[in-house]
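Hi,

Here is the structure I said I'd pass on.

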Amino acid sequence: MPVSSDPIHVGSAEGVLYIVATPIGNLDDLSPRVMETFRKVDVVAAEDTRHSGRLLQHLGIQKAMVAIHDHNERDRTSAVIDRLLAGAQVALISDAGTPLISDPGYVLVREARQRGIRVSPVPGPCALVAALSAAGLPTDRFRFEGFLPTKRAARRSALEALVREPATLVFYESPHRILETAALLAEVMGADRPVVLARELTKAFETFYSGTAEEVARLLEADPYASKGEFVVMVQGAPERPAEAPDLDVDRFLTLLLAELPVKKVVRLGAELTGISRNDLYQRALALKDQP
Ligand code: SAM
């Protein structure tokens, strides 16, 4: 049951590090508890002090700020820890959403915990959770992979390593690469794999693109706004392989079917029966057909 008072923590030093989630687009998502936390802390540690300074200004709050970003997190951590040990209350925020989720803060939180400093979350928006909650894909298990590598070959390898993952996959992706990634998903995960892209969540042009990987890639190509805005990419997990699948002689299975049916049918049935991706089966079937 929700309570309105602060959680009670036992045996911690006096300073408190609050991990504060901020809106991912819609400022109305900023909770009263976030406001209260901003008011009571001594310092706001922010990824980009100019960006977050504007948010605080908009909220009518003036606070001392310290910048903690990917390039200085290790150096800045000790200064913030000293302040916390001296009893200061600090709010850690990122540019948008929940700190530490593909954002800086891990080094500071780990160090604070190791030093017995109380660390308390003030939860709120997170693009990953918002996207998943509305995508219509299974959420009982999901695997968040952050950003895919920027280089094309590395991105392909990263996806290939996830082809058999049964949990729903979630990625963050930059607008510059979204078209390429959508096409790559169809190629690597299989044209029929269910995919959902969530664009500009909580903002005026919030859009969900959903369908098979191939359909989503086409939808995106046809949309002039496709490479604008922020994206969460979600891919339904691979069907679980039946228990006997590891013993299956895939080549023999394909050879028998290919003797009776056209390749397309073999691939469709084979994927259904074995849980192996259509793409993998297709490549294997072609190789077998080419064999003398
Ligand atoms: N910590 C943030 C969070 O809690 O979601 C994520 C920070 S990460 C650096 C930024 C990425 O999150 C973007 O490139 C995009 O993939 C995703 N993202 C952030 N805001 C979004 C939004 N409003 N709609 C869709 N995706 C968003």
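Let's begin with strand S1, residues 16–20, which is mostly covered: five of its five residues are buried. Buried here means under 20% relative accessible area, with over 50% called exposed and anything in between partly exposed (1.4 Å probe, protein chains only). Strands (E, at least two residues) and helices (H or I, at least four) are DSSP runs, numbered from the N terminus.

Before going on, a word on what you're looking at. This is a predicted model, so local features need pLDDT of at least 70 and side-chain atom pairs count only at pLDDT 80 or more, while totals for chains, interfaces and linings use all residues. Residues are numbered from 1 along each chain as its sequence is written, and side-chain values use heavy atoms, leaving out hydrogens and water.

Back to S1. Both of its faces are covered, with Val-16, Tyr-18 and Val-20 buried on one side and Leu-17 and Ile-19 buried on the other. S1 pairs in the parallel sense with strand S4 (residues 89–93) over four bridges, and Tyr-18 stands opposite Ala-91 there. S1 also pairs in the parallel sense with strand S5 (residues 118–122), over five bridges; in that pairing Val-20 faces Val-122. Two strands count as paired if DSSP finds at least two bridges between them.

Strand S8 (residues 194–199) and S9 run antiparallel over six bridges, with Pro-194 opposite Thr-212.

Now the inside. The largest nonpolar core has 24 residues, and Leu-159, Phe-171, Met-189, Leu-197, Leu-220 and Val-235 touch the most other members. Such a core is a set of buried Ala, Val, Leu, Ile, Met, Phe, Trp, Tyr and Cys residues joined through side-chain atoms within 4.5 Å. Strand S7 (168–173), helix H7 (178–189), S8, helix H8 (213–222) and strand S10 (231–235) each supply at least two of its residues, and H7 gives the most, with seven.

Take Leu-159 as an example: not counting residues up to four places away in sequence, Leu-159 touches Leu-148, Phe-171, Leu-184, Leu-185, Val-188 and Met-189 (contact means heavy atoms within 4.5 Å). Apart from this core lies another, of 17 residues, among them Ala-45, Val-66, Val-80 and Leu-108.

Cheers
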